[in-house]
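I open this notebook page to record what I looked up, one entry at a time. The sequence and the structure go here before my entries.

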2 protein chains.
Amino acid sequence: MYFASGALARKMEKLAIDTWKKVGLSPSHAYLLMMVIDDPGIQPGTLASELQLSPSTVTRLIEKLEEKKLVVRTNEGKLTNVYPTPKGKDLLPKLKSCVAEFHDSYSAILGKEESARLVHNINKITDKLFP
Amino acid sequence: MYFASGALARKMEKLAIDTWKKVGLSPSHAYLLMMVIDDPGIQPGTLASELQLSPSTVTRLIEKLEEKKLVVRTNEGKLTNVYPTPKGKDLLPKLKSCVAEFHDSYSAILGKEESARLVHNINKITDKLFP
DNA sequence: TAATTTTACTTGCATATACAAATAGATAAT
DNA sequence: ATTATCTATTTGTATATGCAAGTAAAATTA
């Protein structure tokens, strides 16, 4: 199981990196940016829990997107809000087409049904494992 | 799918790290050592393909095990053979009990059936994805 | 046999991620 | 109101991993 789940994740990672290369972002950066566009002002903690990443990882992701002028952060008290820049928002169509392409490239191999079921099962099990 | 597989792998990794902490090895190091004990003289390439890791990663894993005097390498021509040391072999019982413990800790949650099926499905899909 | 290609491994460098500690603001308890 | 605790985020550091380039031996071809 240990190597099975690791291997799946690494191969998915590779496939995803390949897909998002054309927008110059890693898959995590891309998904994070999409979430920010979808919900401007969203906070790092929310991003972390939705992306299933640790808060520190999310901070690093945001930093990089900020360098690229795709998002900006504002600090209000202890809270941080993340907003997309116009340049970030402009990427949205391309990002969406990458999502579609990525989805297609694995569901073409696995079949729509099977891939949906797999995702469902993996999520169910992940939740069960560490509630 | 991208985050689902990543999240599962990270949680499995965490569970595994926890399990193998008592022998002072990471899960990958532990599995590699078991393979070496099981098949003394095994070559890095074989280890890489069985563990589903890249050759360079395997080299790094072996290096660390060598530092800890758990394995030794011999070079014969372009081939490298990896052998367990007595100290390495002594660890075997503990390693095996970690495997059992790790296996138990997730199959306790998922059920024997379900976890076996999941591993099977993940492997099937990984193979299909990148033959 | 000499030159080329292939194979097996290693090394340099880069990325993704997390944990633990550090801030610092918000909330609760005394 | 002051102190203590909790919460949200960031920073320092470490690990696991891979790719691409390097090395060297082996196999193939000419």
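Before the first entry I set down a definition: I call a residue buried if 20 or more other C-beta atoms lie within 10 Å of its own, exposed if 12 or fewer, and partly exposed in between, with C-beta atoms placed from the backbone. I also note that the model is predicted, so that local features need pLDDT of at least 70 and side-chain atom pairs count only at pLDDT 80 or more, while totals for chains, interfaces and linings use all residues. Residues are numbered from 1 along each chain as its sequence is written, and chains are lettered from A and ligands numbered from 1 in the order in which they are written.

**Entry: helix α6(B)**

Helices (H or I, at least four residues) and strands (E, at least two) are DSSP runs, numbered from the N terminus. I looked up the buried residues of α6(B) and found B:Cys98, B:Phe102 and B:Tyr106. They sit on the same side of α6(B), because they cover an arc of only 50° around the axis, the arc being that of the directions from the helix axis to the C-beta atoms. On the face turned away from this buried side I found the exposed residues B:Pro93, B:Lys96, B:Ala100, B:Asp104 and B:Ala108. The buried residues of α6(B) pack against α7 (112–129) of chain A and against α1, α2 (27–38) and α7 of chain B. Just after α6(B), I noted that B:Gly111 takes a positive phi of about 90°.

**Entry: where the chains meet**

I count two residues as in contact if their C-beta atoms, placed from the backbone, lie within 7 Å. By this rule 29 residues of chain B are in contact with 29 residues of chain A. To the side of chain B that touches chain A, α1(B) gives the most, with 11 residues. That side has 20 nonpolar, seven polar and two charged residues, where Ala, Val, Leu, Ile, Met, Phe, Trp, Tyr, Cys and Pro count as nonpolar, Asp, Glu, Lys and Arg as charged, and the others, Gly among them, as polar.

**Entry: the DNA strands**

A residue is near a strand if its C-beta atom, placed from the backbone, lies within 6 Å of it. Around DNA strand D I found 23 residues, of which A:Gln43, A:Gly45, A:Ser56, B:Ser26 and B:Gly77 come nearest. The largest share of this surface, four residues, comes from α4(A). DNA strand C is surrounded by 23 residues, the closest being A:Ser26, A:Gly77, B:Gln43, B:Gly45 and B:Ser56, and here α4(B) gives the most, with four residues.
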